[in-house]
Amino acid sequence: MAQHFSPSADTILRAALAGAALMVVAFLAVLLIRPYTAYSTSQNRIVEQPVQFSHAHHVGGLGLDCRYCHDSVENSAFAGLPPTHTCMTCHSQLWTNAEMLAPVRRSLGEGKPIPWQRVNQVPDYVYFDHSVHVKNGVGCSTCHGPVHTMQQVWQDKPLTMQWCLDCHRDPAQFLRPEDKIFDMNWTPPADQEERGRKLIQHYLIETKNLTDCSRCHR
Amino acid sequence: MTALLLAEFRDPETLIAAARRAREAGWKGLDAHTPFAVPELVEALGLPPARIRPIMLGAGVAAAVLTFALCWYSAVISYPLNLGGRPLNSWPTFLVLCFEAGVLAAALAGFVAFFAFSGLPRLHHPLFAARDFDRASQDAFFLAVQDPKVDAGRLALLLDGLGPVSVREVAQ
Amino acid sequence: MTPLLGRRQAALGLLASALTLTSCGEPEEEILPYVNKPDGLTPGVSQRFATSLPMGGYARGVLATTYEGRPVKLEGNPRHPASQGATDLFTEAAILSLYDPDRSRSLRREGRVDTWERFEAALLPRLAAAEANGGEGLRLLTGHLTSPTLLRLIGALRERFPAMHWHVYEPVAETAARRGAELAFGTPLTVLPRLQRARVILTLDADPLGPGPEQIRHNRAFAAIRTARRDNPGGLARLYAVEPVFSNTGAKADHRLALAPAGLRDFAVALAVRLGADLPVPALPEPAARFLDAVAQDLQAARGAALVLAGPWAPPEMQALVHWINDRLEAPVDHLPPPSGQPEDLAALAGALRGGAMDTLVIIDANPAYDAPADLDFAGALRDTDAFTVHLGPWRGETGALCRWHLPQHHPLEDWADLRASDGTASIAQPLIRPLYATRSAAWLLGLMRGRLSLESYAAVRETWAAQWPAESFEATWRRVLHDGVVPDSAATPLPRPAARAPALPPAPEAGLTLLLRPDPTVWDGRHANNPWLQECPKPLTRQVWGNAALMAPAEAERHGLREGDVVQLHAGGRMLEAPVLPLPGMAPGVAMLSLGYGRRQAGAIGNDLGANAYALRRQDALWELPGLRLVPAGRREEILRLQEMHRLEGEAQELLPERAFTDLLEHPLEPEPEEPPASIFKPLEPDAPVAWGMVIDTTLCTGCNACVVACQAENNVPVVGPGDVAKGRDMHWLRIDTYWHGPEAQPRPGFQPVPCMHCEAAPCEPVCPVAASVHDAEGLNVQVYNRCIGTRFCQGNCPYKVRRFNFHGYADGQEYANQGEPIVAAHYNPDVTVRGRGVMEKCTYCVQRISAARRQAEKEDRPIAEGEVRTACQSACPAQAIQFGDLRKAEAAVSRLRHEPQHYALLGHLGTRPRTTYLAQVRNPNPALEEPEA
Amino acid sequence: MSPRGGGTEGLLPRSTSYGALVGLVADALMRRNVGWRWYAAFGVTLAMTLMLAGCVTWLFLRGLGIFGNNTAVVWGFPIANYVWWIGIGNAGTFISAALLLTRQPWRAAINRFAEVMTIFAVAIAGLFPILHLGRPEYAYWLAPYPNVMGLWPQWRSALVWDFAAIISYLIFSLLFWYLGLIPDMATLRDRARTRLGQVAYGVLAMGWRGSARHWQLHDAVYRALAVMALPLVVSVHSVAAMDFSASPMPGWQETIFPPYFVVGALFSGFGMVIVLTALVRLGLGLQAVITPRHFEVMGKIVLACSIGMGLSYATEWFYAWSLGSRAELVHLHKLFGGEYTPLYLTMLACNLLAPQILWIPQARRNILVVVCVAIVLNVGMWLERILIIWNTLSHGHLPSMWSVFWPSIFDWLVLAGSLGFFAMMFLCFARLLPAVAMHDLGKLLRERRKES
């Protein structure tokens with residue numbers, strides 16, 4: 001009887017088997033890790049806007065309050081985007097014919113809204129309410145990051161469910177006193193944990209049921 | 001590099017007898033090649049016991065425990081949910097999964113262990129070159145001896161009376 | 001019906017997306033802020049406006065919820081006498097009709113799109129010419145009008161054209177009632193029964209609790225006299241019903257007698273005689289005689305609080321007789337002065353059309369080409385006339401298609417208007433949205449004819465009221481009226497009780513089979529035919545959807561060898577109509593009933609070619625009652641679509657919907673379901689939030705009106721599935737009204753049981769979901785997480801109440817029925833509720849979006865949620881207030897108190913599901929003299 | 001080791017040799033042309049398989065609505081098919097393992113394709129739970145893995161148990177089967193004349209040399225697997241039973257279900273084995289080693305199972321009657337007086353009456369009779385599966401939600417397609433791999449020689 005296989009065949013077969021096993025593991029690993037990557041969550045993604053509006057200039061520089069433009073943040077689920085009119089309150093005096101503001105003037109002229117591009121987006125089946133968060137000690141920068149430094153706005157957090165849960169399970173680590181909600185420079189103090197617990201009392205937050213599905217999904 | 005000798009027989013019984021003799025002769029490097037399992041050979045050739053089942057048991061138990069840990073952690077710690085008022089730690093329902101996982105793990109462990117212990121896969125082996133060895137998987141029963149103090153002559157002498165079909169040396 | 005490939009099923013992308021774990025970024029999305037934001041509007045926060053909707057010309061006040069100027073939900077206006085904070089199914093469904101893709105969008109001349117200028121250019125010269133002969137030859141046709149503004153404009157028009165003829169036509173009119181009043185009192189008074197002041201009520205083929213402009217008012221009043229509680233055991237007035245067909249009122253009666261029209265007439269006469277009328281005494285057969293004795297005694301005993309009612313379809317003489325009886329009983333009835341201005345009827349118009357005695361016809365929001373009596377052949381007349389015909393209406397319809405000009409009209413929700421309720425209360429209707437299409441208003445057309453170009457309805461309405469209110473405070477009054485939705489103390493003052501004459505009744509119609517026509521409980525006279533919510537809303541008792549059928553008693557059907565679904569030819573008055581047969585227990589022998597409003601040809605994609613057109617048999621001399629009916633089997637069968645088959649199983653009804661006399665209940669209350677969970681070695685998990693939501697439904701009060709069903713559909717973005725899928729046994733209603741049949745086959749007493757999700761504390765649906773899409777929240781809601789659901793349907797399989805609904809197709813997600821996929825329809829969606837995709841399970845959520853809104857408000861204001869702050873859609877819709885919702889942890893909450901009533905029980909409580917939705921059993925107040933031997 | 005069950009009597013040809021037995025099995029595979037029958041059968045089954053693929057595509061495009069399921073009867077054919085196939089799948093491994101442990105000499109000729117049957121059946125069964133999902137693209141959510149939602153499967157659901165049971169049983173059966181196949185691969189490697197055959201079988205044989213050590217290890221693992229196989233098989237179909245019995249629905253909520261389903265599984269499984277045995281015997285000309293005695297013993301087992309089924313049905317009825325709850329009584333009443341009664345009676349006839357003929361020894365030895373009974377009872381078993389779903393869901397607790405199920409054309413096509421798919425895979429197997437375990441035949445022959 002003749003040999004059907006050369007001596008090297010063993011090595012090849014074993015390598016092939018090991019390889020196949022490895023491939024499977026690698027494939028699964030990719031599938032598992034991918035959703036966590038910025039590629040999937042579009043974290044840090046910068047979105048081109050029709051108007052080169054700089055938060056760094058207006059908030060960081062001029063020190064405008066968030067609520068000057070996002071005026072429904074305290075009483076609506078939707079934080080609100082400024083009507084063209086709001087822009088013009090200043091820009092009918094300042095930079096009246098700056099090229100950069102042309103779209104704004106056109107909007108006012110034609111009565112057509114400025115088509116801003118959404119940056120921080122959650123799926124339609126998630127019902128996030130800005131007002132209730134802002135009223136209960138969750139500050140802007142906690143979720144939106146250092147907007148006052150952003151030339152162009154990017155999505156600062158992953159906005160995944162896991163990320164939401166981090167806070168809904170233990171708000172204490174993020175809560176701020178009422179006067180710091182709109183403070184862009186706020187950073188948690190050393191004893192945040194213990195201050196946070198006090199704030200939970202202060203805001204009367206029912207922490208036990210914050211992870212109920214019906215809190216965010218309907 | 002000592003020669004590998006093959007003695008071919010027509011049926012398992014003589015092979016067993018031959019194996020016994022070879023072993024009584026105190027020869028080393030004994031093995032047999034048969035088309036189907038001949039359980040007596042284990043004792044005849046004095047093979048060490050196969051220690052696979054303890055491994056399978058270990059793997060199975062480990063998997064079961066891990067599964068229970070997973071169920072318990074995810075249902076009680078990670079995201080406790082009220083499902084029809086059932087207790088968070090509904091351990092009886094976890095057991096089904098533990099069992100399935102255990103069995104699967106044990107089976108996989110046994111499978112892997114079998115290959116590890118038997119040195120397979122081994123596509124290329126000198127024996128395959130031996131004449132008529134292809135019948136080892138069909139209707140021939142071989143006794144293999146690889147012992148420096150043994151040569152074809154002595155082997156034939158030893159097997160005298162058992163009527164091996166042939167005794168030959170395998171090229172290495 | 002559904003598109004071959006919906007947008008969402010981008011083919012096998014399914015599996016591909018599964019592999020990429022689908023978590024990667026959402027599609028790009030734009031945010032469009034206002035250029036100049038309207039005052040008082042906060043994006044994302046709903047606003048509520050008061051307005052009114054017409055029905056048969058009468059107003060029903062509503063409060064509309066709008067988001068960024070987009071109305072999505074209508075609820076009752078508590079200040080309005082005709083709605084009193086509740087709604088009916090027509091009000092609820094009006095939202096969808098606003099966004100109906102089949103609404104008329106463009107002006108047409110002989111079918112071709114044309115311009116308003118060209119229309120004005122065509123009309124004005126004719127009017128100028130008509131002025132010469134005072135408008136002789138100019139005719140106006142409207143529906144029944146109560147609007148002060150429109151009446152004022154018509155008056156003004158008549159000043160310009162003294163000889164103009166004004167015709168009014170309503171398919172479901174009150175002409176008979178007015179003529180009856182005329183016979184009885186000499187003047188056509190408006191007669192308003194006040195049920196809340198009655199202790200004993202007898203309806204003679206009347207259906208006060210059934211559909212109609214007065215349904216809400218009557219239901220509320222009826223509820224007030226039918227709530228029996230521990231602290232008010234005598235709270236139950238007694239209701240007798242004598243009727244040929246099965247009405248909602250009959251279903252709620254303590255005692256009901258089914259009589260054919262002839263028998264009914266004799267019964268009424270006999271009753272009158274008992275009360276001293278000088279009329280020939282008819283011989284009453286048993287059991288009618290026995291029934292009469294009991295009723296007569298009861299009525300007389302309750303003099304002053306005894307009330308007899310006749311339906312709008314009763315002949316004038318009968319109406320008059322009833323007025324006389326009520327007079328004798330000093331019944332709680334208000335008499336209001338008759339409306340001024342007597343318009344002519346449709347027959348005169350048809351004659352004129354044929355005779356050619358006219359040159360210009362203007363039809364405003366009426367559809368005689370479809371709903372005129374067949375013997376007028378109005379459509380034919382309209383087709384053949386060479387007169388200048390104009391039709392103004394929100395839908396083109398059969399009439400618009402036959403007129404030379406069709407002008408698109410505003411939807412009532414897009415227009416300024418004023419309306420009166422039946423009691424005369426005036427209300428001002430404000431638009432909730434800018435007109436979706438280039439439409440105009442009735443005021444504008446009347447103004448144009450008057451010679452005032454471009455009269456806006458806004459201006460017209462203000463003019464009307466400027467004449468009524470003091471100028472100095474006008475603006476203030478105007479604003480208050482708009483805010484409140486009603487004009488303060490504008491109700492007519494009742495007249496002193498006028499003396500009534502007892503008329504002589506005409507001889508009874510000859511015996512034999514009689515066909516009765518009635519307005520349809522879901523599409524009314526046919527004007528709602530194109531509303532899918534109403535088409536798929538199961539009609540009371542029959543539970544039929546997407547069509548009508550000839551109803552008759554099972555015995556009657558048997559006599560003609562007919563089974564359910566057999567198509568039969570109805571021959572009456574020389575005309576013939578084919579309709580499928582549907583046997584209904586409790587129909588009087590010798591009677592068949594067919595509802596109006598079906599068989600439309602130009603209703604739109606939804607309403608076309610459904611059911612049988614009863615108008616094809618209708619005659620001026622027989623609008624409601626067609627004697628001499630002949631039934632000839634057509635030899636075909638037609639599947640009758642019903643959302644519930646009629647099963648009569650021994651003990652079934654009594655177990656699932658117990659029916660008792662309240663007195664018995666006080667002695668032995670129904671077993672309250674054990675509050676404690678059944679013993680187990682495992683400690684069950686209890687919802688532990690500070691609030692525990694629960695619902696109690698009083699089946700005694702429920703009249704099966706379906707308002708809650710449609711309200712739920714409107715609030716929760718529940719799609720329709722269409723007749724095709726209904727035939728497959730599928731539907732999407734989160735709330736259904738189960739109907740059980742008590743009593744013997746011959747004398748059935750149906751019971752209505754609204755069934756939403758029970759929100760069981762030991763919910764069988766939850767532990768079986770492999771992905772925890774069906775879970776409990778801490779406040780006790782059994783929530784369904786659509787975005788987690790993978791569609792195993794295990795939950796519904798395990799639900800003992802079968803309250804879950806599955807999206808077998810993308811009913812709201814790319815595979816919509818008929819034209820429901822058109823973009824404009826999506827405008828009705830409630831933005832606070834997810835629109836469910838294909839392949840997910842959905843169900844009643846106790847309107848979790850409303851709970852969440854209230855909770856978030858409370859959290860913002862650092863206070864607990866107040867009692868009554870959360871009202872579910874079904875609860876606020878219910879005109880009988882049969883549904884109570886609230887926090888079971890509050891002992892004083894309505895739900896908590898109702899749970900301790902003797903008639904309280906949990907549906908299938910023995911299964912240990914511990915439902916949060918529980919019921920009050922059906923309570924009766926039977927007359928011992930009439931208790932059947934069976935009881 | 002003393003062979004029981006009538007020893008090797010009538011299981012092998014009168015005079016034969018090790019080589020002859022090997023040849024008998026192997027030559028069928030070595031043959032160049034297999035004749036038009038095979039191709040014809042393959043063509044038909046391939047067509048059916050493509051039809052199945054077509055239906056599945058359509059299902060994914062249009063949604064579950066293409067099936068007959070309705071609001072009340074939310075489960076339909078797919079679940080019934082799943083339970084039926086998994087039941088069939090139960091038998092193969094069980095037969096092979098149980099007979100091995102009980103040292104049944106007649107195991108040798110049938111265990112191989114019984115195992116293959118299991119693998120194919122379970123694989124197909126595994127498809128249906130996914131196909132019946134509203135959103136099959138998320139089926140993987142049943143698997144526990146770290147995810148950005150921070151969510152886990154819901155362990156209390158019998159469907160998760162199903163998911164686990166199917167997967168482990170499928171993988172387990174594959175290992176068990178392949179392990180038994182290795183020595184035969186070696187045999188084929190050594191008999192192959194074509195290079196392709198030598199390499200292909202050679203690789204699959206993994207260099208098996210039949211050495212005493214190989215056999216010792218092989219035996220150790222194989223028997224250990226066999227021991228585990230028995231409880232596994234029981235668990236798999238018990239779990240399938242719990243999909244129903246862990247529920248408050250009348251007719252489902254019954255403790256008898258798990259054992260009753262397991263018996264049913266063996267019942268239908270043996271039925272399918274009998275059919276396949278006949279086909280293999282005929283198709284590969286193995287009359288010499290697959291003998292009437294095989295059919296006789298399997299016939300006996302079928303008969304026993306049938307009685308077991310009868311007992312289960314009786315228990316159901318008695319349970320409903322003695323429990324006396326209205327819903328249970330209604331359910332019972334609907335079994336014998338409902339829309340599905342004709343089907344139910346047919347089912348009883350197929351599962352309880354038909355097998356009784358096997359009391360007659362002549363009938364048992366008559367292959368044709370046994371095969372007919374087997375086919376009939378498999379029809380009966382499918383009916384049983386669908387009726388368990390229909391009777392309960394069509395007549396739940398509230399009469400207002402009663403409704404009858406009308407299958408759509410796709411329900412039937414998918415069922416037929418799955419059968420075609422199964423047949424096609426089995427044809428390929430019979431063409432490429434030894435349908436009978438040659439080394440087991442060898443052992444069997446040695447047994448007999450020892451006896452004489």
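The second largest cavity in this predicted model is lined by 26 residues. Nearest its centre lie C:Phe246, C:Arg518, C:Pro519, C:Pro521 and C:Met593. The space inside comes to about 360 Å³. Strand E24 of chain C, residues 591-595, gives the largest share of the lining, with 3 residues. By class, the lining holds 14 nonpolar, 6 polar and 6 charged residues. Rolling a probe the size of a water molecule over the atoms shows where empty space is left.

Now turn to where chain C meets chain D. Here 63 residues of chain C are in contact with 50 residues of chain D. Together the two chains bury about 5,000 Å². Carbon and sulfur atoms account for 62% of that area.

What charged pairing is found across this interface? The rule finds 2 salt bridges between chain C and chain D. The side chains of C:Glu652 and D:Arg326 form a salt bridge, at 2.2 Å from N to O. Several elements of chain C supply at least two residues each to the side that touches chain D. They are helix H1 (13-19), helix H20 (652-656), strand E29 (736-742), helix H24 (794-798) and strand E33 (805-806). That side of chain C divides into 33 nonpolar, 16 polar and 14 charged residues.

Chain D also meets chain B. In this interface, 66 residues of chain B are in contact with 57 residues of chain D. The buried area is about 5,300 Å² between them. Of this, 72% lies on carbon and sulfur atoms.

How many salt bridges join chain B and chain D? The count is 3. In a salt bridge between these chains, the side chains of D:Arg446 and B:Glu40 meet at 2.7 Å, N to O. There are also 22 residue pairs in polar contact between chain B and chain D, both residues at pLDDT 80 or more.

Which parts of chain B supply at least two residues each to the side that touches chain D? The list runs through helix H1 (12-24), strand E2 (30-33), helix H2 (40-45), helix H3 (53-78), helix H4 (91-118) and helix H5 (126-129). H4(B) provides the largest share, 17 residues. By class, this side of chain B has 45 nonpolar, 11 polar and 10 charged residues.

Key
Residues numbered from 1 in each chain as written. Chains lettered and ligands numbered in written order. Predicted model: local features only at pLDDT ≥ 70, side-chain atom pairs only at ≥ 80, totals over all residues. Heavy atoms only, no water. Contact = heavy atoms within 4.5 Å. Buried area = accessible area lost by both parts, 1.4 Å probe. Salt bridge = Lys/Arg side-chain N within 4 Å of Asp/Glu carboxyl O. Helix = DSSP H or I, 4+ residues; strand = E, 2+ residues; numbered from the N terminus. Nonpolar A, V, L, I, M, F, W, Y, C, P; charged D, E, K, R; others polar. 1 Å grid on protein atoms, 1.4 Å probe; cavity = no way out; pocket = protein on both sides within 12 Å on 5 of 7 lines; lining within 4 Å. Points joined across faces, edges and corners; volume = space filled by probe spheres on them. Polar contact = N/O pair within 3.5 Å; in protein donor to acceptor, adjacent residues only side chain to side chain.
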